[in-house]
Amino acid sequence: CKRSNPDVVKIFIENASFFNLDLNAKTKRGNTAFHWTCIKGHSDTVKILMENAAALDIDLNAKTIDGETAFHKACQRGHLDVVKIFMENAAALSIDLNAIEENGMTGFHLACQRGHSDVVKIIMENAAALSFDLNSKCTNYNCKGFHYACDRGHSDVIKIFLENEHSLNLDLNSKDCFDMLGFHHACRRGQM
């Protein structure tokens with residue numbers, strides 16, 4: 001489905017118990033309907049599913065076969081409105097915003113890697129309140145979000161890191177598993 005129709009989703013929600021619908025059913029890749037809603041950035045549907053999660057036992061922390069949660073998907077796709085909804089509801093709904101996928105990447109890593117500066121910025125702005133670890137390293141390559149932004153040449157994201165280095169105690173001189181700094185990544189790729 002390319003478009004979300006909250007009215008149709010509401011019909012499913014209202015009839016889920018009666019028809020014994022599995023609202024946590026997964027595709028072959030492990031995506032639930034909630035994952036797909038976040039992949040597509042359907043903020044109205046995200047809200048509906050979150051509002052009904054407790055009553056209908058919708059797993060808001062479900063993982064795909066790659067270990068990605070719906071929050072990973074929203075960050076990876078740069079859906080700022082959806083990311084905001086997650087942040088507003090994380091505590092009340094016990095949503096893990098620091099979950100790691102199979103490569104040890106968080107939603108923050110994925111937003112940095114994909115160059116979604118607005119998502120990176122809002123995560124940084126809410127890091128203290130929501131316990132985001134902005135210096136966390138992924139397990140595969142020991143890379144931080146800063147490494148990924150440098151490697152991909154996302155200058156707007158790099159600027160956000162530089163602007164917030166002192167106030168957020170960001171370690172921009174950290175090395176990855178190859179002893180490379182973010183600067184090495186940028187130079188290696190010839191980023192300008």
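## Ground rules

Because the model is predicted, local features need pLDDT of at least 70 and side-chain atom pairs count only at pLDDT 80 or more, while totals for chains, interfaces and linings use all residues. Residues are numbered from 1 along each chain as its sequence is written, and side-chain values use heavy atoms, with hydrogens and water left out.

## The overall picture

The protein has twelve helices and zero strands. Helices here are DSSP runs of H or I with at least four residues, strands are runs of E with at least two, and both are numbered from the N terminus. Read from that end, the elements go α-α-α-α-α-α-α-α-α-α-α-α. The radius of gyration is 18 Å, close to the 16 Å that the globule rule gives for 192 residues, so the protein is as compact as a globular protein of that length. (That radius is taken over C-alpha atoms, and the rule is 2.2 Å times the number of residues to the power 0.38.) Along the principal axes, the C-alpha trace spans about 60 × 30 × 25 Å.

Of the 192 residues, 47% are buried. Buried means under 20% relative accessible area, exposed means over 50%, and partly exposed is in between, using a 1.4 Å probe and protein chains only. Contact means heavy atoms within 4.5 Å. Among contacts with a separation of 6 or more, 72% join residues 24 or more positions apart.

## The cores

The largest nonpolar core has 46 residues, and Phe34, Phe86, Val120, Ile123 and Phe161 have the most contacts inside it. Such a core is a set of buried Ala, Val, Leu, Ile, Met, Phe, Trp, Tyr and Cys residues joined through side-chain atoms within 4.5 Å. Helix H6 gives the most to this core, with six residues. Apart from it lies another core, of five residues, including Met105, Leu110, Cys138 and Cys143.

Phe86 is worth a look: beyond its neighbours within four places in sequence, Phe86 is in contact with Phe34, Cys38, Met50, Ala70, Phe71, Ala74, Ile95 and Leu97. Val83 also sits in H6, and Val83 is buried, at 0% relative accessible area. Not counting residues up to four places away, Val83 touches Phe71, Ala74, Cys75, Val119 and Ile122. Val83 and Ile122 are 39 residues apart in sequence, yet their C-alpha atoms are 8.7 Å apart.

## H3 beside H6

Two packed helices are described by the angle between their axes and the distance between the axes. For H3 (residues 43-51) and H6 (residues 80-93), the axes come within 10 Å and cross at roughly 10°. That makes H3 roughly parallel to H6. Axes are lines fitted to C-alpha atoms, for helices over the stretch in contact, and angles run from 0 to 180 degrees between N-to-C directions. Under 35 degrees counts as roughly parallel, over 145 as roughly antiparallel, 65 to 115 as roughly perpendicular and the rest as oblique.

On the H3 side, Ser43, Val46, Lys47 and Met50 meet Asp81, Val82, Ile85, Phe86, Asn89 and Leu93 of H6. The residues of this contact divide into six nonpolar, two polar and two charged. In this count Ala, Val, Leu, Ile, Met, Phe, Trp, Tyr, Cys and Pro are nonpolar, Asp, Glu, Lys and Arg are charged, and the others, Gly among them, are polar.

## H10, a covered helix

H10 is mostly covered, with seven of its eight residues buried. Those are Gly145, Phe146, His147, Tyr148, Ala149, Cys150 and Asp151, and they pack against H7 (107-114), H11 (155-164) and H12 (182-188). After H10 comes Gly153, with a positive phi near 75°.

His147 of H10 is buried, with 2% relative accessible area. Leaving aside neighbours within four places, His147 is in contact with residues including Asn142, Ser174, Met180 and His185.

## Two loop residues

Asp57 lies in the loop between H4 (53-56) and H5, and Asp57 is exposed, at 60% relative accessible area. Its phi is near 55°, a positive value in a residue other than glycine. Asn142 is in the loop between H9 (127-130) and H10 (145-152). Asn142 has a positive phi too, of about 60°, although it is not a glycine, and at 31% relative accessibility Asn142 counts as partly exposed.
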